[in-house]
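Please read the following report alongside the sequence and the three-dimensional view. It takes up selected local features in turn.

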Amino acid sequence: MISTRMKLHQSSRGRALASLVLGGLLFALTGPAQANVYDEPSLHIAIPLYDEDGNHVLDSGKAYSPKESCGGSCHDYEKITHAFHIEQGRDETSDDFGAKIGLSNLVGPGYYGGYNCMGSNNPDSLAKKSNSSANDFGDHGSAGLIMRCESCHSGGGWMEKDRNGNRYDETDPSTVTEFDGDYYNRGTDENNHHVDSDVVSQWDWKKSGVVENDCFKCHADLTNLVVMDSEIETRSASRMASNVRRGVLIDQGHFRESNTAILEVLNLNIEGVEGDDRTLLSFEREDMVTSDHGMEMPKDGEISDTEVVFDETTGEPIINWNADAFVDGDTPEERKVAIPMLRFSANDNCMACHRTSNSRRGFYGFGENAEADLDDDGLIVEDYQDDVHKGKIWTEANGESRTIENCNVCHSRNYYNPLSASADMNASHDFLKGNSDMDVRNDLDYNPNAKSCEYCHDNSDPTLAVQANPSGETNMQAAHETLWKLSGDMSGQPASEVEKITKAHLDVVSCQACHITDKAVRGTEFEPMFRYREAENGKQTIVPYKPKPRYFWKDNNTGMVLDQTQRNSVFREIKDDEGNVTGGAIFDPETGETLAEVGGRISHGSFRYNDPADYEGFAGLKMAYDKVFKSNGIENPDAVLVWSEPNQYLISHNPRPAVSSVQCEECHNYKQDGTTISALVSDDGIFGENNSYEVATIIDPKLVTDGIIVFDYPYMKMVVDEDGNAVVDEDGQATVRANVSDILAYSTVDPSMTALRSAVATAATAAAQSYTVTQLIDQAMASAGISNADDVTQLAAQLRNTNAFLFQSRQGDYSIRDVIVISDDEDFADYTLQVSIADDDTGANAAAAGLGDLVAGAEVFSLQFNKPSGEKQTSFNSSVLVKLPYSGSSSDADKINIITSTDGETWSLINPADILIVRAKTDMEAGYIVFQTTHFSFYTATEVADTSSTIPVDDSDDSDSSSGGGGSLGYLFLMFGLLLAVVRNIELFSIRK
């Protein structure tokens, strides 16, 4: 059973606490609410609107182009659309991405190529870039994914450019390789018309155009939308824009026109003058015969928002631009319009895409319901949407104050700029992301962080001018000591232990774990689970999260994962007398024999088949999937259903004040005296064995014992009795559960938040961090592990310019985090470095190359630069400095080799003169080797072998070339805070396993 959080908040103890501190807590942030000027819509300077050919829309009558209208000479469109929010992992994709982590169906870390948000237990996948046949092609090409995921993506990035950084519609179709995942699509024909899903055809990008980034998706004032034609049948103005954008334009392959849909309802009447409402355009409409899920619907005498007329000659929607909305200029090209826009996105804009977070991350925005309510006694009226920060004011170090009413307060970079500051026309659109439960651009995690609890409440940084602690203390340590002493929480504890106990809590337990309580999914309460993850300070910290278990089918021998098309290939539709699909028949793909029947349902626009209802049905489905794997070249397939958690959804919003936070009794028991809290964590507490959640209900436990169903995490366990037998209900079904105690034990070792396991991954990326050479010497090299003064001086002497870049990953295996690259070549300023640990075969090849014995504990690393487009670059003109971890005991460069390979099979020595530093490992410091190179490939260190025979030397590096090169100086290297030791040594937080 899921343990219910004890409701102690309204106890006499809680009330006493409330009377002491409630007033201060509720107003920890200063003053009454005030309007943020930056949140008010304003008229953008009047601009002309151009189509994608650069012609004024009043002349061409075509859709407007954000790139031509907003880009051009004003905003850096290319920079803005390269932001991670827009790219969604396009620039991190590779066909072998998933294979490296045992999830072959993935080609990238984000929604583009990774797990999509609505896939449930039958997720659809993006096709690889290179595919040998239609059978190998995934569920969608890039065009299909646009039609699938348009609602929550603004365009630009992956909706505009292929995986090599080329704009889709500017690529010559005749040069496209057959079954290229960017230029072919499943379920459409060569005219972009929808057909059966077994058809894979080349998409006509010239015809559809691309989806450029829709600036208005984020910057339109969604509270000021209007339907000008009262005869149009629609639910609302916002629904009308959505219906036209998606249902009419994108779903029918008219990508280039899709961004124009919002302009039909965007009211230019910013002052709200009665009778002055006007918009920029209207789409031509008429009552017509329509189609609904393949069924023809006759004219109904009304005109709906989706009944848009298309030109019979051009095939494009007919757009009637409102010339009266434009101001005449001296020349036709100067006809301009002033459009109301938001400087920063409002809550409605953010939640238009993040609304699914209501059931996943537990974030409800800053709507009216988020404001804390007090009863007649001045106590909080518990509501899962409360946010203690709602309406308070935060003042930044520069003296600028903002009312906490929207996402920008914590996540936007320039939100605290003075009003007098010049507008940043090309401001970074890489929002401050913290360390979320997604793995897009992990190099940006905490780099810098979004405003965190510690940022505002732990005033250890003297540059922060404001403290937000109601106790008046300057940091959270002192504040909690004061609070807990006043409330009696430290009763019975020796005075000498109070500081230690408080610090142990703050080191191990995140603020969110105690201050985010009473969560709900669409109003239904749930108990958060708790796990470790790495905090901004590098320590492992307990955080609350919401699990979302899902399953997939894979071959247990090779790791190949079935995509949705492959999974559905063993089902035949079952239809009722009226032709409606009601379920499916599982059939043997070799013989055609029916093996079982299942029901089904419509979900997110497509029909989803249910699971089999009994053991025999599952066994039949396994047999069918075994044959699907066999048809894909797997000789001895073993299809298994894998329960996993693709994302452990982090809960980090809607915190409560102290009176509503977790109380001591919710984690600990009282001692026998009834007044002193025990140091031990209770099994019945929120961190104990009895706080658990249901992973799955198994219709027959034999499915688990026979190995047809397996579990991706060791903490997912079938409930058994004292004899080890599965506990079943009256229907013979077993339950699989996971408890917090087991989750904490597991996540101490692997604190990753997703199935990509980024915290321990064998591949990770790092972006360029810019430093002056002085900063590099004084700060960055030491933080990157090069602390020896002579070494720092020697490496600095290799740099030619006054600025340099350092690359260092903050994610992945810790040997990866110890790899750095330094360069002073400006060409690399926007590059990312990918560091990978080579597979076992490559390591074996290196060991057998006859170039020395691998240094004990050394990894074979693959280094690669990625351009902003995503294109790989392995060689360059100027040399870069590379530091690899070194576990050897010799500092004699003559006894150490660096060997390299371009293919992982044939190995050679780098020029010994290019090895600059060998620093042996000691008991106090890690060892490292630094060398220079002009190409990236595989590298590792060996101890010198017998050199009497001829040894191949890699001559691709020019040892006489001037040093420098490309790299990016990363932020401070994160120390691994392995808190299990803390937990074990501090009795207060001993966690049972």
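Two residues other than glycine have a positive phi and are described here in turn. F179, which has a phi near 65°, belongs to the loop between α6 (142-149) and β2 (184-186). Its relative accessible area is 11%, and F179 is therefore counted as buried, given that the cut-off for this class is under 20%. N654, with a positive phi of about 65° although it is not a glycine, lies in the loop between β23 (648-650) and β24, and N654 is likewise buried, with a relative accessible area of 0%.

## A buried glutamine in a helix

Where does Q512 lie, and which residues does it touch beyond those up to four places away in sequence? Q512 has its place in helix α15, which spans residues 511-515, and, with residues up to four places away in sequence left out, it touches C453, P544, I651 and S652. The relative accessibility of Q512 is 17%, so this residue counts as buried.

## An open sheet of six strands

Six strands form an open sheet in the order β31-β32-β33-β38-β42-β41, and their pairing is antiparallel. The edges are taken by β31 (769-772) and β41 (915-919), each of which has a single partner strand, so that one side of each is left without a neighbour in the sheet. On average, neighbouring strands of this sheet are turned by 25° against each other, with direction ignored.

Helix α20, made up of residues 773-783, lies across β31, β32 and β33 (820-823), and its direction runs at about 125° to β31. Helix α21, made up of residues 789-796, lies across β38 (875-886), β41 and β42 (927-935), and runs at about 165° to β41.

## Confidence in the model

The average pLDDT of the chain is 86, and 89% of the residues score at least 70. Over residues 1-32, however, the pLDDT is below 50, although this stretch has 91 contacts in the model beyond near neighbours in sequence. The pLDDT also stays under 50 over residues 958-993, for which the model has 139 contacts beyond four places in sequence.

How should such stretches be read, and what follows for their coordinates? Where pLDDT is low, the predicted coordinates should not be read in detail.

Notes:
Residues numbered from 1 in each chain as written. Predicted model: local features only at pLDDT ≥ 70, side-chain atom pairs only at ≥ 80, totals over all residues. Heavy atoms only, no water. Buried < 20%, exposed > 50% of the residue type's maximum accessible area, 1.4 Å probe, protein only. pLDDT = per-residue confidence, 0-100. Contact = heavy atoms within 4.5 Å. Pairing = 2+ DSSP bridges. Axes fitted to C-alpha atoms, helices over the stretch in contact; angles between N-to-C directions.
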